[in-house]
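Trainee: Please take me through the side-chain packing in this model, with a close look at the aromatic rings.

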Amino acid sequence: AQVTNAQIGKLARLAAGRPADPSSSSNGNGSGSSGPALDMEDFRHTADLAYAAVDVPDSVVDILAELRCFLQDKCEPPMYVSDRRFMKAVQMLQVAAHADGRAAVNEYDCLLLEHVFGNRPDDCHKVRSQVLEIIASDPGLQQTELVFLGLFGRACRVLEQAPDSAEAADALAECGTLVELLQGRQAALAATLEGAFPELRATVWQSEASVQAAVQALTPQLTENKRKTEELLREAFTLQQCLAQRSAAGVLEKLLPKRYKQYQKGISSKV
């Protein structure tokens, strides 16, 4: 029997030597640091060293889980990926990151999976295409927008009923956290686009032609993601200022009319 789709994330963490239910996550996209040159003795034990030293962040686990689900359940014809092959693939990514001098696998390492998943000659192209699509989709941005919508509704209720309450202070603190998160995401996207994908170009595992093809595929959607992130950041900062100044809810309606209509529509649907 094969591990279910619901449990595939746990399998990836198990292959990477991580707890099944981590209490914290990391994006895994650090710049990394170059270590000392490997000698022959290091080479003999590279795999063991990689398994012990290289983390597989939750963002990468999500890509791996989504990829296997797609290959087996949505791809035509389906590509069966056994649990054994899946775990070996996770460990291969750890070795690749270790050879690059990094302490964590990043999302671009997943492009190497085109060489290990699939059984037919053209399967590699399907795997690579889907990895690029998953990277470009940025599900974290969609989740962040949902968080903002919930916080916006809460802020409207607080400013209408009790602008000086402890709940208003809590909402302000949460909004500040959201602003910081969006600022970090915007900065990361800007660095990636303006730097011509430095993390992708830094690896020894991708040829120049492969890098150029990936950059061409990713740039349009990441540019759109950056625009959406900047817009969401502007809205979050506006909400933060309104909460800080204890503005009337009507001010939010004027400054963020689209979000206010969504809030009102949500109220109407509950009545």
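Mentor: Helices here are DSSP runs of H or I with at least four residues, numbered from the N terminus. The model is predicted. Across the whole structure there are three aromatic pairs. One of them joins Tyr 108 and Phe 197, with ring centres 6.4 Å apart and planes at 75 degrees, an edge-to-face arrangement. Tyr 108 lies in the loop between helix H5 (83-99) and helix H6 (123-137), and Phe 197 in the loop between helix H8 (166-194) and helix H9 (198-202).

Phe 148 and Phe 152 make a pair with centres 6.1 Å apart; their planes meet at 40 degrees, so the pair is tilted. Because these two are four residues apart in helix H7 (residues 139-161), about one helical turn separates Phe 148 from Phe 152. Phe 148 and Phe 152 are both buried.

Another ring faces a charge: the charged end of Arg 68 sits over the ring of Phe 86, 5.3 Å from its centre.

Now the nonpolar packing. The largest nonpolar core contains 38 residues, and Leu 113 and Phe 117 have the most contacts inside it. Helix H4 (58-73), H5, H6 and helix H10 (208-244) each contribute at least two residues to this core. Setting aside neighbours within four places in sequence, Leu 113 contacts Leu 64, Leu 67, Ala 89, Met 92, Leu 93 and Val 127. Another core, apart from this one, has 23 residues, including Leu 151, Cys 156, Leu 159 and Leu 252.

Terms used: Residues numbered from 1 in each chain as written. Predicted model: local features only at pLDDT ≥ 70, side-chain atom pairs only at ≥ 80, totals over all residues. Heavy atoms only, no water. Phe/Tyr/Trp six-rings, centres within 6.5 Å; stacked < 30°, edge-to-face > 60°. Buried < 20%, exposed > 50% of the residue type's maximum accessible area, 1.4 Å probe, protein only. Lys NZ or Arg CZ within 6 Å of the ring centre and 35° of its normal. Core = buried A, V, L, I, M, F, W, Y, C linked by side-chain atoms within 4.5 Å. Contact = heavy atoms within 4.5 Å.
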